[in-house]
Structure formats: C-alpha cells, structure tokens
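Hi there,

Here is the structure I promised to send over. Have a look first, and then read on for what turned up in it.

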Amino acid sequence: MEKENKAFKIFRVIITLIAIVFLLLFVSGALWGIVNIGNLVGGLLCVWLIFVFGTRNKYKSLKEKLKKNIFGKIVLYGINFCFTALLCYGLIVTGLMTFACIQQPKQNATAIVLGAQVTEDGPSMMLTGRINSAVRYLQENPDAKAVLTGGQGSNEPMSEAQAMYNCIVEAGISPDRLYIEDKAVNTGENIAFSEEIIKANGLNENKAIVTDGFHQLRAEIIVKQQGLSGSVGSVNADTFPVFIPTFAVREWFALPNQVLFR
C-alpha cells in the first residue's frame, strides 16, 4: 500500500507540473493577443487538474462539503464528469492530429499552402511559418508546383496568397512554379479552389498540405469530404511553440463541427 501511495504521489506531481506548464502556455498565448476558445477552455482544464491533483487536501475538503447535500453532489460530479470527458476526448483527438502530421506527401506532390493573417507589416508569424515550410518543400522537391491560397480580409493590406507569393519568390523559388488563388475565405474554399487550379493546369493531383500541424487533420478531413483525387500528405509549418496548445485545443471544437455539419 505504501508503494502505491508513493507511486500516486509521483503521478500527482507529474500531472500537476504538466498542467502548470500548459497553463503558462495558454496564458502566454493570450499575452500575444491570441484569445479564443482554445486558451479559455484549455486554461480552465489546467486549473481543474492543478486543483484536483496539486492541492489534494483542499480538493478533499471541498469534496466533503459538497457531498453533504444533493445540489453539491450534482455540482461536484457534474464538473468532474465534464472535465474528465473533455480530457479524454482531447487526448484522443490530439493523437489523431499527431498522426495526421506525420503523413508524408508523395515526392513532387502539388503543395497547397493555406493562408493566414497578413498585417500592415507583412505576413503574420503564423503565415511566415507556413511560407518557410513551403519554401523548404519546394527546394527539396524541384519538380513540385504550389498553389498559394487565401483571399484578402477587410483588415489585410493584400491577399494572403499574394503575400505568400512575394515572400516565396524573394526566397528564390521560380514564379512559374507558383499559382495564386486569392478568393478563398476559409479552409474548405482554400482546398476546393486550389483543386480547380490543379485540374485546370494539369498539376500533380497528389497533394502536400502546407499548414500548421494542429490544422492538418481538419484539412485532410476536408479533402476527403470533397472527394478529391490523389493522395494527401502533410508539410508542417514552423509554428511558434506558444501558439500550439491554444490552437490545438481550438481544433478540438472545430473538428466535430467540420465532421457533423459540413
């Protein structure tokens, strides 16, 4: 029994430390101006884990108080059930997202580079990561072409596709390997409109989706939903590490919407 208690204490410490690290990452994302359901829900999940596993005595004391009446029991079991279910679901989805990230594209597959925010100063940090990965892919696959996809939002000085084109050409990639798609406003349109360009220009129907790792699973689901021909592989962007937990948790909620309602 003593060994079990010691093992459980070690387990609690590990879970608590992991939760603290992720909580700091969720908060850091907010400090960078990234505030969405990802860091809000992710932060709450971390606080729950820290309270349950890191402050065991306080949790036990509160638990005993809540169990004294039916309303308290409903609150206690309801909160624990919701957070436990969310954690299990998140771990499963994160595993699927990780698997999608490691799917290698076929050699010289046509790159579809998904757009992201363009600011007055140029490509955002997220878009810059996608641009850098697209340049590397095109350098490593000299016969590959790329479709740069993304329209112009009301707060953007130019289309996302044009911003990518400018940077990729500046990096030394020949313009005749690049195709601009500047009408799409979401991932579904990015892929659908890019497919039109691929077919119209007789490009390789095997696809290499260039986007952030947390986004790859949803992009691949969209390709399958649209029934597009050719294989699909992942070229993962150089994502700023602080952003990964927030956007990964956001994908936990975007994926069911994509699967069930699109």
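A word on accessibility before anything else: buried means under 20% relative accessible area, exposed means over 50%, and partly exposed is what lies in between, with a 1.4 Å probe and protein chains only. By that scale tyrosine 77 counts as partly exposed, because its relative accessibility is 46%. Please keep in mind that this is a predicted model, in which local features need pLDDT of at least 70 and side-chain atom pairs count only at pLDDT 80 or more, while totals for chains, interfaces and linings use all residues. Residues are numbered from 1 along each chain as its sequence is written, and side-chain values use heavy atoms, leaving out hydrogens and water.

The overall picture

The protein has nine helices and seven strands; these are DSSP runs, numbered from the N terminus (helices are H or I, at least four residues; strands are E, at least two). Its C-alpha atoms fill a box of roughly 70 × 35 × 35 Å along the principal axes. Of the 262 residues, 45% count as buried. If contact means heavy atoms within 4.5 Å, then 75% of the contacts between residues at least 6 apart in sequence join residues at least 24 apart.

Helices α2 and α4

Tyrosine 77 sits in helix α4, and its C-alpha is 9.7 Å from that of leucine 66, eleven residues away in sequence. Helix α4 (residues 70-101) packs against α2 (residues 37-54) at an angle of about 115°, with the axes 11 Å apart. Axes here are lines fitted to C-alpha atoms, for helices over the stretch in contact, and angles run from 0 to 180 degrees between N-to-C directions. On the α2 side the contact is made by Val41, Leu44, Leu45, Trp48 and Leu49, and on the α4 side by Ile79, Asn80, Phe83, Thr84, Leu86 and Leu87.

Cores

A nonpolar core is a set of buried Ala, Val, Leu, Ile, Met, Phe, Trp, Tyr and Cys residues joined through side-chain atoms within 4.5 Å. The largest has 51 residues, and those with the most contacts inside it are Met97, Tyr137, Leu138, Leu148 and Ile168. Apart from it lies another core, of 13 residues, among them Ile198, Ile209, Ala219 and Ile222.

Setting aside residues up to four places away in sequence, Tyr137 touches Pro105, Lys106, Asn108, Ala109, Ala111, Ala144, Ala208 and Val235. Asparagine 108 is worth a look too: it lies in the loop between α4 and β1, and its phi is near 60°, a positive value in a residue other than glycine. Most residues other than glycine have a negative phi. Asparagine 108 counts as buried, because its relative accessibility is 17%.

Helix α8

Eight of the ten residues of α8 (residues 216-225) are buried, including Leu217, Ala219, Ile221 and Ile222. What covers the buried residues of α8 includes α4, β1 (110-114), α7 (187-200), β6 (207-211), β7 (232-236) and α9 (243-261). Just after α8, glycine 227 takes a positive phi of about 65°.

Cysteines

There are zero disulfides, a disulfide being a pair of cysteine sulfur atoms within 2.5 Å. The sulfur of cysteine 101 is too far for a bond, because the closest cysteine sulfur, in cysteine 46, is 20 Å away. Cysteine 101 is buried, with a relative accessible area of 17%, whereas cysteine 167 counts as partly exposed at 27%.

Best wishes
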